[in-house]
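Work through the exercises below with the model open. Each task is followed by a solution in steps.

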Amino acid sequence: MRPIQCTFFFLVATFTALADATANETSAPNILYIFTDDQSYRTVSCYPRAYDFANTPNIDRLAERGVRFDQAYIGAKCVPSRATALTGRLQFAVESNHDGTNIDGNTYWFPTIREEGYYTGMIGKWHYGKGAKAHQHGTSWDWSVVWDHGSYDAAGGYYYDQKVMINGAPQVPLEGYSTDRYTDYTEQFIKERAQEPDKPWFFWLCYGAVHGPYTPAERHRSSLKDEPETAIPEDIWGPRPGKPVHFQGSKWKKGEDGKPIYKGKSLNFWVKQQTEAVAAIDESVGRIVNALEETNQLDNTIIVFTADQGYVWGHHGLKGKIDPYETAIRSPFIVSWPKHFPVGQVCKAPINGPDVIRTFHAWAKAEPRLFMPGRDITPLIMNPESQAVLKQWNKVPTMMTYVHNRYEPMEMAKRLQNKDWKACMYGKDAPWYFMILVENYKYTRYAHPDRIEELYDLQKDPEELDNLAVKEEFTLKLQEMRAACVRSIKDNGGSAFADYLPPPKTTDKSEETELPGNTIVFYGGKNRVHLEGCRRLSTDPKVLETMTKMTLDQAKARGLPLCSRCPGSTTPP
């Protein structure tokens, strides 16, 4: 059983908030869950750290008419985030096979609210298992239009040529730009539900945007080309003293002008193209709110806007949506129900995906039937700036994790117990991680004996450049967070493997020092350079004479990493 988390004060706050929110209502509230893909909070203009050229007036209006959360960790990567949305659990507590196609051990939570009188619907990207059985139309959904991404090429692309399964029927062409078409169907759903005003509904809208290839609608293409260039993150190249070895180096190369490029295109190009694709989502939010208003359902509909996770462009040398840094996994999160919730306020408490699902149960007045470790965020919504509520919330860590394509706790336990570290990776060299947040501190632990921990004070160091875990003055705080992380793993359903995690590595010189830039290296192809004495480098002088000789700085400028086997190298293997 999960330990007691809430004092009497917090329980009373929850009860009072729910009572106030539903007072004078003739029926339970409708719940609209807008769930975008790979959308960073930096593409939403109401967020203080948004890109200067971000422009989302309709999403911003939701924030003006609701509560915006600064720290939301809905998931890490596409499939695990959706696994959480369907089960209310973190990835490692979901019972299924490695890719989620065996759903026999899982029970989605939607039948619980259907029993409470809710009509349920979903549209868009399905990315947890494949086929009608996985979708559970008729069991979880009364209404569905599913783009079965699990079918891959057979289902079409993210933005065009999609095929969808309507109410469990065989695939048919969606036609048109997917963001617009999902919105068309959502308007249809809203109009249909207006015919039964006394029956509440839950609707999960899963846009495929703004996932790669980040294709804007034709009307938005190149709309940002004349805007100022995207700022280049200060640590895109490194070095990064004090960070784990797999966060040395960079996924970006230097172009002829010295600016970062990826696949031959600039950082500025990639960020702007993805942000241009957000414009259709923002227009869709405006259309959906108008449809609710025109059908007299807006006042009794709670709108939640978020994304499966964020997306990082250049920070820490990264590109993607997995690594445990704010720019990679922090999602936008906005809740709007103006006649019942506060408006125009900001909550700085951290929340995660399981918290959101537990909250949906509270709003639907339904009790979870299976293990569901999340916490109802309603007290935070009702009192977003209350220090007393925030303090109470922070007594329990907020956890986020990524363990690649693993879901079963016992399978994870087997790998860790056998010390099969290669099987505990989410990339060639990046181990599974477990991350917690308590007040302004964030701690990350890796499932590998050769990786140091990370600890950041997000208030003082929002860019996460200064790893406090390697500093002696933070030893006690590190020990406190280390113990809290293990407890949190167990509380969230990971008791089977928590005690098998390898002891964290303490810092060493190889992760703190960088070879001088004038160090001579040799290049012979294969996109890497070598130090003399490297085991991969020939000792034959004639072979060395055929290789290009340069300094390490020159190699970096050409995007050539140092071979991982070279003496003193911090390049991941």
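**Exercise 1.** In which order do the four strands of the open sheet lie, and is the pairing parallel or antiparallel?

Solution. Before starting, note that this is a predicted model, in which local features need pLDDT of at least 70, side-chain atom pairs count only at pLDDT 80 or more, and totals for chains, interfaces and linings use all residues. Residues are numbered from 1 along each chain as its sequence is written, and side-chain values use heavy atoms, with hydrogens and water left out.

Step 1. The order is 16-17-18-19, with antiparallel pairing. Strands (E, at least two residues) and helices (H or I, at least four) are DSSP runs numbered from the N terminus; two strands pair if DSSP finds at least two bridges between them.

Step 2. Strand 16 (398–402) and strand 19 (454–457) are the edges; each has a single partner strand, so one side of each lacks a neighbour in the sheet.

Step 3. Five bridges link strand 16 with strand 17 (residues 433–438). Thr 401 has Phe 434 in strand 17 as its bridge partner.

Step 4. Helix 13 packs on this sheet and touches strands 16, 17, 18 (441–446) and 19, where contact means heavy atoms within 4.5 Å.

**Exercise 2.** How do helix 2 and helix 7 pack?

Solution. Step 1. The axes of helix 2 (residues 57–64) and helix 7 (residues 267–294) are 7 Å apart, at an angle of about 55°. Axes are lines fitted to C-alpha atoms over the stretch in contact, and angles run from 0 to 180 degrees between N-to-C directions.

Step 1. Helix 2 is therefore oblique to helix 7 (under 35 degrees is roughly parallel, over 145 roughly antiparallel, 65 to 115 roughly perpendicular, the rest oblique).

Step 2. On the helix 2 side, the contact residues include Ile 59 and Arg 61; among those of helix 7 are Asp 282 and Val 285.

**Exercise 3.** How many disulfides does the whole structure hold?

Solution. Step 1. The search finds zero, a disulfide being a pair of cysteine sulfur atoms within 2.5 Å.

Step 1. For Cys 78, the nearest cysteine sulfur is that of Cys 206, 11 Å away. Cys 78 is buried at 4% relative accessible area.

Technical notes
Buried means under 20% relative accessible area, exposed over 50%, partly exposed in between (1.4 Å probe, protein chains only).
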